Amino acid sequence: MSPTPYRMNVLIVDDMPTNIKILGETLRKEYDISFARSGSKALEMVDDHCPDLILLDIMMPGIDGYEVLRRIKKSPDHAHIPVIFISARDDEKDETFGLELGAVDYITKPFRPAVVKARVRTHMELKMHRDRLNSLVHDRTRQLIHSDRLATLGTLSAAIAHEVKNPLHYVVGNAEMIMDDILGGNMVSIQQRAVNIVKGAQRINALTDRLKGYSKKRGKSNIETPLRDIIDDALEMLRYRLLKCGVEIRTAGVDKELTVFCDPHQISQVFVNLINNSTEVLTDGTGVIVIRAGKTEESAWVTLSDNGPGIPTDKIDTIFEPFFTEKADDKGTGLGLFITRHILSRHGREIHLTRSDASGSEFTFTLPLK
Ligand SMILES: Nc1ncnc2c1ncn2[C@@H]1O[C@H](COP(=O)(O)OP(=O)(O)O)[C@@H](O)[C@H]1O
Ligand SMILES: [Mg+2]
């Protein structure tokens, strides 16, 4: 049995039952129809079942069509629904006003059913293509974010190997010494070395957990988190690399009380990406990265600056573009800043390069508090 094809849904909003009847009869063959006889009922129904298209009368008692459209446009979940005004107001000014509010079309009454049918079909097709494109962009971006995380892990692999090796040596060393202690019958020392082995193993465990967490695909999950924990998580990922490059990290204003409402894994990736970029230009052992944070009434703000060479003026507009990189093939993906910007935009925020000159660069972004 073939699956029932999805029938798109049209919501007809009109205070006159005859108009609803005629429009319903015109469209019933091709679409599922629902209707509302007032603006407030229409808004309730949009909330309830999110129609694919709305035919909206303008003059209605109570909330009129203009106001219905304004409220729909304000809601991020519904702003994309195409709205066609059907109105007896045939003045060009009314039509322009309606279209400026965000209606996709304007049909004057008395309407010809064939015209309504054709226009509804056109806008339904446009909506279908738009939805399909949006979902493609969404899927592709998710894949890119994931591949950037893996690329970052690749870049960090030497550091990661080293991170695991250190506690592993520690575990093996302590085990070897236990063998000597057994021969010497030194129980106190055996006990201490066993404690050391457990500590070393726990460190390796924590490290692999973090790596697993970093490489995992995940949906968005916002929670209230201390900004300091997010930064610590990123620094822990980059610890060995910073040590190796001799880069010093200074923080200011990142108090334990400063909490932000975000997806902590994604924002930690923002810090990893930015710090990574800085360490790559800070190669002479005198590099300093300064992370400052604070908050205003509605946002937390963060600046991350380095004392590197800065970004050449002619590149400033391109650094956030996908695949723009000035690094050798195996070193850069050109996705770091693109994804950083994408992650912040999913949090409703932006990132800007706020300074770039011979004394270094500075990036600034904000994060939601709730
Ligand atoms: N802090 C910085 N200082 C100087 N140049 C930078 C800095 N951050 C980014 N850039 C420039 O922006 C480019 C794009 O960065 P990004 O999107 O992270 O990709 P990638 O790091 O893979 O090259 C880098 O190749 C580099 O030229
Ligand atoms: Mg990068």
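The model is predicted: local features need pLDDT of at least 70, side-chain atom pairs count only at pLDDT 80 or more, and totals for chains, interfaces and linings use all residues. Residues are numbered from 1 along each chain as its sequence is written, chains are lettered from A and ligands numbered from 1 in the order in which they are written, and side-chain values use heavy atoms, with hydrogens and water left out.

**Exercise 1. The largest pocket**

Task: Describe the volume and the lining of the largest pocket.

Solution: 

Step 1. On a 1 Å grid over the protein atoms alone, a pocket is an open set of points with protein on both sides within 12 Å along at least five of seven lines, whereas a cavity is a set of points where a 1.4 Å probe fits but cannot get out; lining residues have an atom within 4 Å of a point. Grid points are joined across faces, edges and corners, and a volume is the space filled by probe spheres set on the points.

Step 2. The volume of the largest pocket is about 690 Å³. Its lining consists of 32 residues, and N277, E280, T325, K327 and L337 are the closest to the centre.

Step 3. Two or more lining residues come from each of α5 (113–155), α9 (264–281), α10 (336–346) and β12 (360–368); helices (H or I, at least four residues) and strands (E, at least two) are DSSP runs, numbered from the N terminus. The largest share, six residues, belongs to α9.

Step 4. By class, the lining holds ten nonpolar, 13 polar and nine charged residues. Here Ala, Val, Leu, Ile, Met, Phe, Trp, Tyr, Cys and Pro count as nonpolar, Asp, Glu, Lys and Arg as charged, and the others, Gly among them, as polar.

**Exercise 2. Ligand 1**

Task: Locate ligand 1 and list its polar contacts with T325, E326 and S361.

Solution: 

Step 1. Ligand 1 takes up the space of the largest pocket, by the rule that more than half of a molecule's atoms lie within 2 Å of the grid points.

Step 2. The ligand is surrounded by 18 residues, of which N277, T325, K327, T333 and G334 are the closest; a residue counts if one of its heavy atoms lies within 4 Å.

Step 3. A polar contact is a pair of N or O atoms within 3.5 Å. An oxygen atom of ligand 1 lies 2.6 Å from a polar side-chain atom of T325, and an oxygen atom of the ligand lies 2.9 Å from a backbone N or O atom of E326. A polar side-chain atom of S361 is 3.4 Å from a nitrogen atom of ligand 1.

Step 4. The shell divides into six nonpolar, nine polar and three charged residues, and α9 gives the most, with three.

**Exercise 3. The second largest cavity**

Task: State the volume and the lining residues of the second largest cavity.

Solution: 

Step 1. I160, E163, L207, R210, L211, E236 and M237 line the second largest cavity. Helix α7 (187–215) gives the most, with three residues.

Step 2. This lining has four nonpolar, no polar and three charged residues.

**Exercise 4. The backbone**

Task: Characterise the peptide bond from K109 to P110 and phi of C50.

Solution: 

Step 1. Most residues other than glycine have a negative phi, and most peptide bonds are trans.

Step 2. The bond from K109 to P110 is cis, with omega near 0°; P110 lies in the loop between β5 (105–108) and α5.

Step 3. C50, a residue other than glycine, has a positive phi near 40° and is found in the loop between α2 (39–49) and β3 (53–56).

Note on methods
Polar contact = N/O pair within 3.5 Å; in protein donor to acceptor, adjacent residues only side chain to side chain.
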